Structure formats: C-alpha cells, structure tokens
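The following note concerns the pocket and the domain interface of the structure shown here.

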Amino acid sequence: MIKAGIIGGSGYTGGELIRLLLNHHQTEIDFVFSTTRAGKPVSSAHQDLLGQINLLFSGEINPSVDVVFLCLGHGNSTKFLEENGFADHTKIIDLSNDFRLNSDSVWNSHTFVYGLPELNKSDIQNAQAIANPGCFATAIQLGLLPLAKAGLLNKDIHINAVTGSTGAGVGLSATSHFSWRNNNVSWYKPFTHQHLGEIGESLESFGNGVGKLYFLPNRGNFTRGILATAYTPFDGSLEKAQQLFKDFYADAVYTHVSDDPIHLKQVVNTNQCHIHLHKHEDVLLVTSAIDNLLKGASGQAVQNMNLMFGLEEQMGLQLKAGVF
Ligand SMILES: NC(=O)c1ccc[n+]([C@@H]2O[C@H](COP(=O)([O-])OP(=O)(O)OC[C@H]3O[C@@H](n4cnc5c(N)ncnc54)[C@H](OP(=O)(O)O)[C@@H]3O)[C@@H](O)[C@H]2O)c1
C-alpha cells in the first residue's frame, strides 16, 4: 500500500483528497496535517466522512510517507517544505501555484513536472515531484492544446470562464458570503488572472507561436464546476477541428469531445473534462467543462499519483456525476 500524507487537511482540496484516497485500493492515508485542527477528528471538518474515517488531524508529519499532497495556498507550500523535510523517496504533489511556471519548477533538490496528463504523461510517470495545474488553467488548456499543437492558435484568443464558489477555498470572504454570491454573477481579475502564465507556457511548449490570450474569469452562484469558452479565428471546417481534437485526445482517459453542446452537470463530481466545438463564420468556439475540485485539483492529483506509481490511471477515480 502507498502511504499518503495530506497537508492543509481541513481545506476544500484537502477534503476532496481524503474522500478520494479513502476509496483508493492501493493507498492508505497515513496522516492529515492541519495547522488549525490538530487532535480533532477529520470528520469534524468534513462532516460527510462521519463513520468513514477514524483518523484525527495531526500536528506532526511522518517524513517517510511514500507521497505527500500539499493542499496549501500560494506561497505556503514553499514555506512548508522549507520547514519540513521529507525522505528522498517521498513523492511530492503540490496543488498550489508555487512550482507551476518553468522559472519556479526547480526548487532545492526537487524538479517539479507540470502535472497535466494530457500534455506530459511520460514526464509525470518519471517524476518525483508534481506541480498540479490550476483549475481554470486545466479547463482552458484542455480546450486549446490541440489547436496549439497544430499551429492553429496564432490569432487573438478570447476566453470566458465561470467557476463555482469552492474555487476560492474554504475561507469566508465578501464574495463567497451566501448573501453576496447567491443569485449573483460577477467578473474579477479581467485579463490578468494568475493562471495565464501556466496556460501560456503549455500552449507555447509546441513551439508554434500563440496569439494573445484575453481571459475574463467569472464567479458563478453555484458551488462547484468550471465552464470555459474560448474562441479564435479558424480557417478549416468544423469536421476538421473535431477530428483534430479527437485525435489529440484519442488516448486520454478523462478528456472527451462531445458532438452535442455540453453543460456543467455532466462533469461535476467526476474527474472528466468534456469539450464541445462550434463553428460560426470564420470563428471556432471551444467549450470545456470540468469539476474544479476534481479534474481541476484533487482528482487530477490522484491521477498524477497513479501515473507516478505505475498504477492504472483511473484507480480510485471511478466517480459518478450528479446529473440531476
Ligand atoms: N479550490 C479549488 O477549486 C482549487 C483548484 C485547483 C487548485 N487549488 C489550489 O489548491 C490550494 C488549496 O486550495 P483550497 O481551495 O483547498 O484552499 P482552502 O480551502 O483555503 O484550504 C487551504 C488550507 O491550507 C491550510 N493552511 C495552512 N497554512 C495556512 C495559512 N497560512 N493560511 C491559510 N490556510 C493555511 C488550512 O488548513 P489547515 O487549517 O487544516 O492547516 C486551509 O484550510 C491553493 O493553492 C489553491 O489555489 C484550488
């Protein structure tokens, strides 16, 4: 069994990881570290786990676990690793921004591989440390990678995406307060969202040039999921675009191209990314949908762990969409 440690256990992505790993046949949760809840039952923070887990949150780590998941906010992963050493054999999967960009990917003795299996599967399989992609970044890249690889992403790209409130983490803020968020929609960080860096680096990795990315993120009044749309000039037919995407994702276990328009409920509570293409005049519209906490975070982290340990990629990720 793989012994796993989770850091940041009382947060949203930490909670999702606990839920996934409890149902993973090859993994055993060794400890769940919490700065705020050490000594309290894990189910005191994640009440749905009452009766499913007897573990208490820990104020200490076991430095020789096989894998550690860092579920901390930006900057806190680096700080945590500076203060807490792990054994050489311990694989690290970081869910924060800290190591995603090429310029941040080498830290001390660690080289972090960008953990998007649809882009980097063989590097992930050989990695000792993973920088798990951002949630918006996952949805948007999966919608654009086939075009970038084919050299068809050289013109301006306009992106609009809406996320559920869990994307902002468990802490209460003015824009996650029920009274503000319910029956409400708003944009934030127009054209400057922090995920643009990692999106740009992945798209540029094919060496074909990439047009300017105009990204408008929106806050939706639902709890989980991301629906992203991107459009850009495209010379070929819809059929050509569909074939390009289907070929690119032929071996992907969680990214699928739908001939029908897509909606959030078909992916929420799953590790799937669904993509739909639409052509209008000379413009191609790409829609992609994911669950921000699963394919956008903890599900993708488990997918990466499976690849790193040579396990079946889907292990522990056979999930069921809510649908209704
Ligand atoms: N939410 C998403 O949809 C999503 C998607 C992709 C990536 N991410 C990234 O994943 C990371 C975790 O996200 P999250 O949504 O799980 O965040 P969260 O709900 O805010 O949880 C983060 C946890 O970090 C712990 N923590 C330790 N030191 C802290 C400090 N100095 N200040 C605040 N919290 C501290 C806290 O848990 P303890 O009190 O138990 O220590 C806190 O609950 C972030 O970097 C985020 O950007 C999130």
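1. The largest pocket has a lining of 41 residues, and those nearest its centre are Gly73, Thr166, Gly167, Ala168 and Gly169. On a 1 Å grid over the protein atoms alone, a pocket is an open set of points where a 1.4 Å probe fits, with protein on both sides within 12 Å along at least five of seven lines; lining residues have an atom within 4 Å of a point. Helix H1 (12-22), helix H5 (135-149) and helix H9 (294-308) are the elements giving two or more residues to this lining (helices are DSSP runs of H or I, at least four residues, numbered from the N terminus).

2. This is a predicted model, in which local features need pLDDT of at least 70 and side-chain atom pairs pLDDT 80 or more, while totals for chains, interfaces and linings use all residues. Residues are numbered from 1 along each chain as its sequence is written, and side-chain values use heavy atoms, without hydrogens and water.

3. The domain assignment gives domain 1 (2-132 + 297-308) and domain 2 (135-290); such bounds come from an automatic or database assignment. Each of domain 1 and domain 2 supplies at least three residues to the lining of the largest pocket.

4. Between domain 1 and domain 2, about 1,500 Å² is buried, with 53% from carbon and sulfur atoms (accessible area, 1.4 Å probe, lost on putting two parts together, summed over both). Of the area that domain 1 buries against domain 2, Tyr12, Glu118 and Leu119 supply 37%, more than any other three residues.

5. Two salt bridges are found across the interface of domain 1 and domain 2 (a side-chain nitrogen of Lys or Arg within 4 Å of a carboxyl oxygen of Asp or Glu).
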